Amino acid sequence: MTQSNTTTIRYSSAGTDIGFVLVATINEQIYVVLLDEDEETSLAALKMLIAGDYPHAELQKTPSDHALALIKDYISAPSNELYQQLQGLDLLVRGTDFQKQVWQVLKSIPVGQTLSYRELAQQIGAPAAVRAVANACGANRHAIIVPCHRVLRSDGSISGYRWGSVRKKQLLALESTYKESP
């Protein structure tokens, strides 16, 4: 992708109970949400993405923004209300039509619930595309907002997760404590 002018990518980051969260934006849209062990590792991952997408971009660190604050609040106490607020954030979505279809279904999985990769493939009308669904989950750049962590193997076990299976278990454990108000 050729850039005629410089793109500015702003990022903010903070530590949470499940590790480090980095949120990067372009023109007020969330470009990526990364989860990692520390800021250096997250920043290195961000720079790799930028090199492929916006090689001439200018990177600026900013104070905590609204999206980062919402994600931190959600990690501290998952709730449907906070999840709905996360769904209202403007995402910069880059992917194939198939990936976008998978990500849309992911966003519909309620807090505290999970689907199998097979169930997700069936929901999008492609029951034989289980591996492609798993790959689409792995390509998700918006951790927590697009909750690929809510997808499990058919036997209910944890499989790979872009940000580590331990972190996936932590997120599922946090969300399992959520009880919907009557």
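A few ground rules come with the model. Because it is predicted, local features need pLDDT of at least 70 and side-chain atom pairs count only at pLDDT 80 or more, while totals for chains, interfaces and linings use all residues. Residues are numbered from 1 along each chain as its sequence is written, and side-chain values use heavy atoms, with hydrogens and water left out.

**Pocket and cavity**

Let's start with the spaces. On a 1 Å grid over the protein atoms alone, a cavity is a set of points where a 1.4 Å probe fits but cannot get out, whereas a pocket is an open set with protein on both sides within 12 Å along at least five of seven lines; lining residues have an atom within 4 Å of a point. Points are joined across faces, edges and corners, and a volume is the space filled by probe spheres set on them.

| Space | Volume | Lining residues by class |
|---|---|---|
| Largest pocket | about 230 Å³ | 6 nonpolar, 5 polar, 4 charged |
| Largest cavity | about 40 Å³ | 2 nonpolar, 2 polar, 2 charged |

In those classes, Ala, Val, Leu, Ile, Met, Phe, Trp, Tyr, Cys and Pro are nonpolar, Asp, Glu, Lys and Arg are charged, and the others, Gly among them, are polar.

The largest pocket has a volume of about 230 Å³. Of its 15 lining residues, Thr25, Glu28, Asp65, His66 and Ala67 are the closest to the centre. At least two lining residues each come from β1 (8-16), β2 (19-26) and α2 (66-76); helices (H or I, at least four residues) and strands (E, at least two) are DSSP runs, numbered from the N terminus.

As for cavities, the count is 1 of 30 Å³ or more. Arg94, Trp103, Ala139, Asn140, Arg141 and His142 line the largest cavity.

**Helix α6**

Helix α6 (residues 130-138) has Val133, Ala136 and Cys137 as its buried residues. Buried means under 20% relative accessible area, exposed over 50%, and partly exposed in between (1.4 Å probe, protein chains only). Down the axis of α6, the buried residues fall within an arc of 100 degrees (taken from the directions from the helix axis to the C-beta atoms), so they line one face of the helix. They pack against α4 (97-107), α5 (117-123) and β6 (151-152). Turned away from that buried side are the exposed Arg131 and Asn135.

**Gln87**

Gln87 sits in helix α3 (residues 80-87) and is buried, at 18% relative accessible area. Neighbours within four places in sequence aside, Gln87 is in contact (heavy atoms within 4.5 Å) with Lys107 and Ile145. A polar atom of the Gln87 side chain lies 2.7 Å from the backbone oxygen of Ile145.

Definitions and conventions:
Polar contact = N/O pair within 3.5 Å; in protein donor to acceptor, adjacent residues only side chain to side chain.
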